[in-house]
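Colleague: I have a structure open and would like to go through it with you. Can we take it piece by piece?

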Amino acid sequence: MRRRTGTTPCLATVLVGDDPASVTYVRMKRNRCAQAGIDSRHVPLPSSITTDRLVEVIVSLSSDPKVHGILLQHPVGPHLDERAAFEAIAPQKDVDGVTGHSFAAMAFGRPGFVSCTPGGILRLLDEYQVDLTGRHAVVVGRSAILGRPAGMLLLARDATVTYCHSRTVGLSAITRGADVLVAAVGRPGFITGSDVKPGAVVVDAGYHPGGVGDVDVASVRDRAGLITPVPGGVGPMTIAVLLAQTVQAAARQLGVD
Ligand code: NAP
């Protein structure tokens with residue numbers, strides 16, 4: 001891209017406050033940018049910032065031609081309207097796939113940027129040639145950045161999708177029917193061996209301190225046909241999709257895609 005256009009793709013990373021996990025995630029993303037030859041512009045903001053000011057910062061990055069992609073690290077803090085801040089990201093720079101525009105593209109199976117973690121999950125399933133057509137995919141979790149779009153992408157690939165969440169009754173009976181089980185619960189070791197159908201493909205999207213996922217690996221490993229490791233599975237794929245989409249965004253904005 002640099003040879004063709006003289007421009008290096010640039011990702012703006014916006015971090016509100018100093019939550020240690022968020023600081024680490026942003027640092028990892030910027031390090032991987034540097035390794036891939038992508039510039040990053042870090043925008044640290046105080047946790048005392050208002051929603052209006054945060055939106056202003058993002059609107060200004062959205063109109064800055066030197067910035068090709070924008071990542072607003074989630075979560076931004078309970079006093080802020082995170083959705084308003086996400087929606088201030090110009091759709092063509094939404095390389096983290098968090099805007100309503102990107103969600104609609106995922107939901108309708110249209111071209112657009114995908115949410116990075118679900119996008120990374122689909123990329124992993126493709127790499128391991130997991131056939132999704134007509135298979136029962138169960139997603140445990142329905143958050144806007146992970147569970148919900150993961151289900152949409154699986155549906156777009158002709159899986160029969162069931163969502164489970166905190167109000168689901170009889171969760172284990174549902175997950176035991178899954179050919180593909182995506183754990184996006186945010187609770188360490190939540191999915192155990194008795195929740196898994198023998199031979200199922202288990203995707204562990206969870207991440208907790210100490211490198212523990214949402215799946216209890218000890219009891220699930222021998223039942224699952226395939227299982228993603230934590231760390232080293234969905235996490236690195238999430239960043240890889242972010243980087244790939246940043247390059248795609250730059251190519252589109254520079255008219256060379
Ligand atoms: P979240 O916003 O807290 O959402 C958790 C989801 O799980 C919610 O939909 C919730 O249901 C559901 N849930 C909670 N307790 C449950 C229970 N007992 N039974 C059934 N469902 C339950 O979390 P998230 O942001 O989606 O993250 C989920 C996990 O993925 C976390 O471990 C996080 O660290 C990890 N993550 C990893 C990456 C990565 O790059 N690897 C990226 C993002 C997140 P309700 O909707 O009913 O509340």
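Colleague: What length should helix H10 span, and what do its end C-alpha atoms give?

Modeller: Helix H10 covers residues 234–254, and at 1.5 Å a residue its 21 residues should span 30 Å. The end C-alpha atoms are 30 Å apart, which agrees. The expected span is 1.5 Å times one less than the number of residues. Helices here are DSSP runs of H or I with at least four residues, strands are runs of E with at least two, and both are numbered from the N terminus.

Colleague: Where do the numbers come from?

Modeller: This is a predicted model, where local features need pLDDT of at least 70 and side-chain atom pairs count only at pLDDT 80 or more, while totals for chains, interfaces and linings use all residues. Residues are numbered from 1 along each chain as its sequence is written, and side-chain values use heavy atoms, with hydrogens and water left out.

Colleague: Back to H10. Which of its residues are buried?

Modeller: Among them are Val234, Met237, Ile239, Leu242, Leu243 and Ala250. Buried means under 20% relative accessible area, exposed means over 50%, and partly exposed is in between (1.4 Å probe, protein chains only).

Colleague: And what do they pack against?

Modeller: The buried residues of H10 pack against strand S1 (10–16), helix H2 (20–36), strand S3 (69–72), H6 and S7. Contact here means heavy atoms within 4.5 Å.

Colleague: What comes just after H10?

Modeller: Gly255, which takes a positive phi of about 70 degrees.

Colleague: You mentioned S1. How many of its residues are buried?

Modeller: In S1, 7 of 7 residues are buried. Cys10, Ala12, Val14 and Val16 lie on one side, with Leu11, Thr13 and Leu15 on the other, and both faces are covered. In a regular strand the side chains alternate between the two faces of the sheet.

Colleague: Which strand does S1 pair with, and over how many bridges?

Modeller: S1 runs parallel to strand S2 (residues 39–45), and 7 bridges join them. Leu11 stands opposite Ser40 in S2. Two strands count as paired if DSSP finds at least two bridges between them.

Colleague: In what order do the strands of the open sheet come?

Modeller: The order is S5-S4-S6-S7-S8, an open sheet of 5 strands with parallel pairing. Strand S5 (160–164) and strand S8 (226–227) are at the edges with a single partner strand each, so one side of each has no neighbour in the sheet.

Colleague: How many bridges join S6 and S7?

Modeller: Strand S6 (residues 180–183) and strand S7 (residues 201–204) pair in the parallel sense over 4 bridges. Val182 has Val203 in S7 as its bridge partner.

Colleague: New topic. How many salt bridges are there?

Modeller: The count comes to 8 salt bridges, where a side-chain nitrogen of Lys or Arg must be within 4 Å of a carboxyl oxygen of Asp or Glu. One of them joins Glu87 and Arg83, with the closest N and O atoms 2.6 Å apart. Both residues lie in helix H4 (residues 82–87), 4 residues apart, about one turn of the helix.

Colleague: Which residue does Asp126 bridge to?

Modeller: Asp126 forms a salt bridge with Arg157, the closest N and O atoms being 2.6 Å apart. That pair links distant parts of the chain, with Asp126 in helix H6 (residues 116–127) and Arg157 in the loop between helix H7 (147–156) and S5, 31 residues apart.

Colleague: What about Asp179?

Modeller: Asp179 meets Lys197 in a salt bridge of 2.8 Å, N to O. Asp179 is in the loop between helix H8 (171–175) and S6, and Lys197 is in the loop between S6 and S7, so the pair ties together parts 18 residues apart in sequence. Asp179 counts as buried at 16% relative accessibility, whereas Lys197 is partly exposed at 29%. Arg135, Asp179 and Lys197 are linked in a network of salt bridges.

Colleague: Last one. How many disulfides does the structure hold?

Modeller: It holds 0 disulfides, a disulfide being a pair of cysteine sulfur atoms within 2.5 Å.
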